[in-house]
Amino acid sequence: MGKRIGVYVCECGTNIADNVNIDRVIEAVSPLRDVAIVEKYGLLCSEAGKEFLKQSIKEHDLTHLVLAACSPKQHEMTFMNVCQEASLNPYLLQMVNIREQCAWVTSDKEEAAEKAIRQIRAAISRVRWHVSLEKKEMDVCPDVLVIGGGIAGIKASQLLGSPDRRVYLVEKSSSLGGKVKGFDKLFTAMDSGSALIEKEVKSLLGAQNIEELTDSEVEQILGFFGNFEARVAKKGENGERNLSVGAVILATGFDLMDPTGLPQYGYGKLDDVYTSLEFEQMNMPSGPSGGKILLKNGKTPESVAIIHCVGREEKGYCSRVCCVYSLKFARMLKSQLPDAKISQLYSDLCIPGKSYQKFYEETKDLGINFVRAAKTTVTQNTKAVAVKYEAENGSKGELAVDMVILVPAMEPSGDTNRFAEMLGIPLDEEGFPVAEHRLLGPVASSVEGVFVVGCAQGPKNISETIVQSEAAAGKILSSLVPGRKLELEVRTSEISETFCTGCKMCISVCPYSAISFDEVRRIAVVNEALCHGCGVCAATCPSGAASVKNFGFPQIYQEVVELVR
Amino acid sequence: MENKGEDRRVLVIGAGIAGIEASLLLANSGARVYLVEKNCYFGGNVIKFEQVFPNMECATCMIAPKQQELLQNENIELLTLSQVEAVEGSVGDFTVKVKKRARYVDMQNCIGCNACLESCPVEVDNEFEEGLTKRKAIYIPCAGALPNVPAIDTQNCLRFNGKDCQACQEACMFEAIDYAQEDEELELNVGGILVATGFKPFDLSKTTQYGYKKFDNVYSDIEVERICASNGPTQGQIVLRNGKAPESVAIIHCVGREEEGYCSSVCCMSSTKLARFLKDKLPEVKISQFYSDLSIPGRAYQRFYIEVRESGVDFIRATVTEVSESGERLRVNYKTEDGKENTLSVSMIILSPGLEPAVDSLELAEMLGIPRGDGGFFSEKEPDLDSVDTIREGIFVAGCAQGPKDIPDTVAQAEAAVGRLLSLSR
């Protein structure tokens, strides 16, 4: 069938009409090949304008449409809807921005006309190669897999479990609660962490449609947003379970950096040098000392140094919560050992937020010694532990203490990295899974439908962790609605089976993990459910096999040729 | 009242980045969203920034697609120039009275060509640009502001002050100027409410030692953000009020921290960002940052700080005691932690004030029945645990209205509030 291209120039009131010689444009464009009609109109986006366009498309039996008007950001959707109403496939429309890119930036009316002609010619040339595209929908599973049964996983599950949505909460250890259940006191209220976990787990048991899978490991996750398949194995049991879920929340928490790699702190060599988590454990009533703060020799310490920022330089980031929990430690020490001399060796006090300054000042008033220190080392003296440091003005200082608490950097747990690899989420320079967008998508990962929350996503305190869990729940509740289908991107990438050499370069560059390798046919295959049509694969493909629908070689080449001709 | 699925209706107060993110998620779930914004534009504080840390992304470019999406979303009713006046009822069934002031420009007819602006004979200080430039009585705050429809400021418009001017109406080709528009009183029924009213900077007029508003070359950080902005008063040219580019700059952190009694979380990074921006634009400029403790928590921020420091920016741990003027230059007197006093001569000073709850927070808190805690920010139900929940069931808070925070933490809270709102009443 012959092509019948309609070209409409919008005057945009006086905006385009006053600055572009539209009559000259029409004269120049009319004789071009396949152009069936060229007309101008006062304001195409008005109700009357849209009606005119609709009738004109039908009347002239148009097969393709070029609209020279404003920015497609403003009205492409408007006109795609008009096409739909006129029974013209909306992907056969090409907009030309002769307002922002021409009328508003070109002072001479004739020069502007020349530029507009060039732009419209290019659009005609490209749209001729456009093909009809159809919207696609996909059935989705609303259920959610939550990996990690700490406070983050518990909170996310609470929000997500409902009669029409099942949540699988997988925890590798024998009970829920993560690190928080091992904290006797939480800042700033100094309430019990284990009591908090008990309360939250209880409310989890009362919630609907949540299945707890403790002592279990997720071994494999395949699939994509809306349709993941996860394989879960329970320790000591034969057989595995296969779970179908629509989304995955990774809430695998943190580990402390191991300070044995930093010999200057004497950890592992000196008796009474502890990590912050070991000190937490010492304070647990259920712990080995029954909650008493004791030295290895069974005596109570008379002096304690808390050393901040252990491993910060090596890690390259501030772990955010250590300053505040070190203040908490000082209070725990003071409440059990009121006469103990407590020193905090810190570099910068990082206590952001509305309520921590007060917490700091109240702690300081208990008689805590705050020392700004650098190049801190810990060695054994004859009687005590010697903590040596350098003050900011370069002078040297030394403290003799009975006990040292190291506050090491937080890093994502080993599991986080394993899962990131399993799911195809790259890690950033600091070793955390890359977010969809550092600022606008903090909990969404680079793989659609997979969320990373809590300390697996970066160091944070309990309330920030809970916020992220709820955030992931919010994103899932918003996008995976039970009974609703998922609308897919229309202008996706496609890879020609004939031209693909199987080099896999497209797979390595795809930011959405949308391309996989078909081992049988030895070619790369696009998953349309994941592809966003960004075109990175097309730009990378050395054999020209990958292209984005309506943004392929013919469309772009024809457009550019006309622009530069 | 049934408040589920397609029937769910939510009020979002404040259309900054938190309100935008929450509204889009809510609307995409099928809920009906009323997004109330007191200004004639939306986008909050973020649209004032040329670039945001740590990737130095263009803030407007980052947020504009979300704004466009919001404007085109049929489930969202954006109510600009609007304020909540009364809230009654309880979760699942709140009745909210909203006053929507007249814009006097028809949103449908106006195409945003700005012909009316040129014709207006009135010029007043542009508050969006911190008074660094003028605007007309019919105005948009800055190029690119959305919705791209001007509003008439009746306080300054001649016609609304008894004069017979209709210049804007005559200039408009689209019959969009409508002097007969009236303020509206709307009554909305919603199941849940999100407070996302953001922050305002600490009032620098409460300080005397830094010479703000006394010496020409002492600026607030927001003023400098606008000077850096390509759509700002100088089109992004870094020049002082005297028209010269600064050759040396002192950035003073923690202004107002003592008065406020808390660390505002983001100022260390935003100050370092300004240093980076100035260095990029003026490679020869000498920059000194006066700080007490560096608060650069979390991933990526330390790397950013080290890069800026290594580009030649001085970080001086000291308290600035006094700023004085000497000819065109400024003298910064400061005291280091070991008590030593010193002086630095610079051509520009940038003050980095703390963040406070937005104006009208007190009235809104009282109306909603939510207490305000530390610093006057909206109080959460369980401090240190659930930061988006308030003591009133069905009312949530997100972003800087809850406490000072950066963009990712603000977005996370907005999404968290959506999680809570969408799991309500099940």
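Q: How many bridges join strand S3 of chain A to S4(A), and do these strands run parallel or antiparallel?

A: As a general idea, the strands of a sheet pair through backbone hydrogen bonds, either parallel or antiparallel. In this model, which is a predicted one, strand S3 (residues 64–69) of chain A is joined to S4(A) by five bridges, and the two run parallel. To follow one of these pairings by eye, find A:Val66, whose bridge partner in S4(A) is A:Gln94.

Q: In which order do the strands of that open sheet in chain A stand, and which of them are at the edges?

A: The open sheet has four strands in the order S2-S1-S3-S4 (chain A), and the pairing is parallel. Strand S2 (35–41) and strand S4 (93–97) of chain A are the edge strands, each with a single partner strand, so one side of each is left without a neighbour in the sheet. From one strand to the next, the twist averages 15°. Helix H1 (residues 22–29) of chain A packs on this sheet, where it touches strand S1 (5–10) and S2 of chain A, and its direction makes about 175° with that of S2(A).

Q: Where can I find an open sheet with antiparallel pairing, and what is its strand order?

A: Turn to chain B, where three strands form an open sheet in the order S6-S7-S12 with antiparallel pairing. Strand S6 (82–90) and strand S12 (184–190) of chain B stand at the edges with a single partner strand each, so one side of each has no neighbour in the sheet. The twist here averages 20° from one strand to the next. Seven bridges pair strand S7 (residues 93–100) of chain B with S12(B) in the antiparallel sense, and B:Val96 has B:Leu188 as its bridge partner in S12(B).

Q: How many residues lie between S28(A) and S29(A) in their hairpin?

A: There are four residues between S28(A) and S29(A), and in the turn A:Arg522 has a positive phi of about 60°. Strand S28 (residues 515–518) of chain A pairs with S29(A) in the antiparallel sense over four bridges, and A:Ser516 has A:Val525 as its bridge partner in S29(A). Strand S29 (residues 523–526) of chain A also has a covered face, made of A:Ala524 and A:Val526, and an uncovered one, made of A:Ile523 and A:Val525.

Q: At what angle do helix H6 and helix H7 of chain A pack, and how far apart are their axes?

A: In general, two packed helices are described by the angle between their axes and the distance between the axes. Helix H6 (residues 151–160) and helix H7 (residues 193–206) of chain A pack at about 30°, with their axes 10 Å apart, and their crossing is left-handed. On the H6(A) side the contact has A:Ile151, A:Ile154, A:Ser157 and A:Gln158, which meet A:Glu200, A:Val201, A:Ser203 and A:Leu204 in H7(A). Sorted by class, these residues are four nonpolar, three polar and one charged.

Q: Which peptide bonds are cis, and which non-glycine residues have a positive phi?

A: As background, most residues other than glycine have a negative phi, and most peptide bonds are trans. Among the exceptions is the peptide bond from B:Phe53 to B:Pro54, which is cis with omega near -5°; B:Pro54 is in the loop between strand S3 (51–52) and strand S4 (57–58) of chain B. Another cis peptide bond joins B:Leu146 and B:Pro147, with omega about -5°. As for phi, A:Arg320 has a positive value of about 70°, and this residue lies in the loop between helix H9 (312–315) and helix H10 (322–336) of chain A. B:Ala300 has a positive phi of about 75°.

Q: Is B:Ala300 buried or exposed?

A: A residue is buried if 20 or more other C-beta atoms lie within 10 Å of its own. B:Ala300 has 21 other C-beta atoms within 10 Å, and therefore B:Ala300 is buried.

Q: How many residues of chain A are in contact with chain B?

A: In chain A, 54 residues are in contact with 57 residues of chain B. The largest share of the chain A side, 14 residues, comes from H13(A). By class, that side divides into 25 nonpolar, 16 polar and 13 charged residues.

Note on methods:
Residues are numbered from 1 along each chain as its sequence is written. Chains are lettered from A and ligands numbered from 1 in the order in which they are written. This is a predicted model: local features need pLDDT of at least 70, side-chain atom pairs count only at pLDDT 80 or more; totals for chains, interfaces and linings use all residues. Two residues are in contact if their C-beta atoms, placed from the backbone, lie within 7 Å. Ala, Val, Leu, Ile, Met, Phe, Trp, Tyr, Cys and Pro count as nonpolar, Asp, Glu, Lys and Arg as charged, and the others, Gly among them, as polar. Two strands pair if DSSP finds at least two bridges between them. Axes are lines fitted to C-alpha atoms, for helices over the stretch in contact, and angles run from 0 to 180 degrees between N-to-C directions. A residue is buried if 20 or more other C-beta atoms lie within 10 Å of its own, exposed if 12 or fewer, and partly exposed in between; C-beta atoms are placed from the backbone. A crossing is left-handed if the near helix is turned anticlockwise from the far one by less than a right angle, and right-handed if clockwise.
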